[in-house]
Every structure is written in structure tokens, then in C-alpha cells.
Amino acid sequence: MAALLSVHDLCYTYHTPKADTPALADISFSVEKGEFVSIVGPSGCGKSTLLSLVAGLAIPDQGHITLHTQASHPVGYMFQRDHLLEWRSIFSNACLGLEIRGAMNDKNQENVRQMLRQYGLGDFMEHRPSQLSGGMRQRAALVRTLALQPELLLLDEPFSALDYQTRITVADEIWQILRQSGKTAVLVTHDISEAISLGDRVMVLSARPGRIMYDIRTDFGPDRTPLSVRSHPAFQTYFQQIWQAMVQMEGVDHHGKS
Ligand code: ADP
Ligand code: MG
């Protein structure tokens, strides 16, 4: 399989008048087309910084990031908060990216309608965000991201604001959507179980400055879904391996909180 994203020797430091904060050091990895990669690490280890660099929102101090794609909008971003605008309808929120990029043509709008219907929001297109559940709002945010047809999705703890049960269901739904549409995804999270359940591969970042300490490929067979792998016998084995890697690192206490 061809690499869609290659990251080579990446380093990044925040400079403020008071201090220099090294956020990432010596990060190298690549992501193949169609792969779902989870990156897990303690709070403050540089996960959001890494995604900002990949999205081109910040420039690395050192190293290279290469996206092997011809797509006009190669990268889409999903955040912890859905950032839906209350004064707009769900349809109009889902079209926001198209509007900003000047791509509001009939074909793209019809594509948005079709995705909203497909993802269970067909009856809610004219509703306001506050009338929807947290899970529906995250699906609407996903449609807004997918409307620009990105090849690579960057997911920055997109389920963290949801309550536990909703988080597991919405993660499963969003994973299925991305898998069916053949998207490549990089998810960052501080939740080990979430990282294992969603990722074909899990990378572990150390405390700041984040370095890749561990990179394992999970194997749950071809019928895996995020929900089903949680009760797979191998799940606990992966959990223990990653847990051990994380407790050996600074900044994680023995209750797994960071
Ligand atoms: P994570 O997403 O893993 O929680 P971040 O990438 O947000 O971590 O931040 C990594 C480190 O860089 C943190 O220690 C944070 O305090 C620091 N940091 C983040 N943004 C800034 C900024 N704008 N200026 C200075 N330091 C920052
Ligand atoms: Mg973050």
C-alpha cells in the first residue's frame, strides 16, 4: 500500500516571552491509504500540536511532512467540540466549509444532503444544533468535514466531550462511516481503550516533548468494529502492553489519569 502521509524527524517548540516549550521531538511515521491510526498520549504531550502541523496550521522547526495526494482539499479536521453555529440550520452548518472555500455548487450541496440522510440526519436538516443530541451533532460536524471530500481526516479527541455510552456509540458510527467511504484517519486521544478500539495501528507518545515510544499494529480479524473488539480476547493484551508503556513514562499516575 502507498503512504498517504509521511512525517520525517519532526520537532516543534512553542516560543513565548517567558519560556520555550518543546512540544514534539524526533517524530517520524507514515500512514498508508485507508489506514486508521490512533495516537495515544497523556494530556499536554503534543497531540494537538502534531495534528496542527500535519494540517499545515503550524510550520515545523525541523523535519518534513509530505502528503501524497492530488486532492484539492486533502485534509479535514474534527475537534473535541463540534463548533456548530446555533444561528444556522444543520444543513447550513454542514455546508459551512463549502461556503468558506467557495464551493457551494448544486452537486456539492446535494452531496451534503445525501450524507445527512445516510447518517440519520435527514429529518433534522432544518433543525438548530441545540435541538440535536451530542452524537447527532458530532455526525453533523463530520458531514461538514466530509463535504470538502478530504482524503485524510485528523480527529482531535472528537469524542471526549460526550458521555461514556454516547462516546462508544458515536465512535463506532463515525468509524463505520470513515471505513465505508475509504478515508484515511489519524485520531489522537488520551484514552487507551478508544485508541485500541478504533485504530488499525496504535502509536504511543511520551510526555512532553512527545516522542513516539511505541507503534503496534492491532489484529482483530477482518470483521472488527470498534464496539466488537472491546470484547475480543486480544483487546486486554493490547491494553496491558500500552498501559505498561505509558506507566513507565513520566506524567501518568497509576490510575491511568494524565
Ligand atoms: P495535547 O493535545 O497532547 O494535550 P498540545 O499539543 O495542546 O498537547 O500541547 C503540547 C504542549 O505545548 C503543552 O505542554 C502545552 O502547554 C504547550 N502549548 C500548546 N500550545 C501552546 C502555545 N500556543 N504557546 C505555548 N505553549 C503551548
Ligand atoms: Mg489536545
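## A salt-bridge network

Glu35, Arg201, Asp215 and Arg217 are linked in a network of salt bridges, where a salt bridge means a side-chain nitrogen of Lys or Arg within 4 Å of a carboxyl oxygen of Asp or Glu. This is a predicted model, with local features needing pLDDT of at least 70, side-chain atom pairs counting only at pLDDT 80 or more, and totals for chains, interfaces and linings using all residues. Residues are numbered from 1 along each chain as its sequence is written, chains are lettered from A and ligands numbered from 1 in the order in which they are written, and side-chain values use heavy atoms, leaving out hydrogens and water.

(Helices, H or I with at least four residues, and strands, E with at least two, are DSSP runs numbered from the N terminus.) Both Glu35 and Arg201 are buried; buried means under 20% relative accessible area, exposed over 50%, and partly exposed in between, using a 1.4 Å probe and protein chains only.

## Other salt bridges

The total is 12 salt bridges. Arg179 pairs with Asp200, closest N and O atoms 2.9 Å apart. That one joins helix α6 to the loop between α7 (192–198) and β8, 21 residues apart. Arg179 is partly exposed at 32% relative accessibility, while Asp200 counts as buried at 15%.

Arg113 and Glu110 make a local bridge at 3.4 Å, three residues apart in helix α4 (residues 106–118), about one turn of the helix.

## A lysine without a partner

Lys183 lies in the loop between α6 (164–180) and β7 (184–189). Lys183 is buried but has no salt bridge, and Glu151, the nearest side chain of opposite charge, is 7.8 Å away. (Lys and Arg count as positive, Asp and Glu as negative; His and the chain ends are not counted.) Instead, the Lys183 side chain reaches the backbone oxygen of Pro150 at 2.7 Å.

## Aromatic pairs

There are five aromatic pairs, that is, Phe, Tyr or Trp rings (six-membered ring for Trp) with centres within 6.5 Å; planes under 30 degrees apart are stacked, over 60 edge-to-face, and the rest tilted. Tyr12 and Tyr14 are edge-to-face, at 5.1 Å centre to centre and 85° between the planes. Phe220 and Tyr238 are edge-to-face too, at 5.3 Å and 75°. Ring pairs link Phe220, Phe235 and Tyr238 into a cluster.

Key. Polar contact = N/O pair within 3.5 Å; in protein donor to acceptor, adjacent residues only side chain to side chain.
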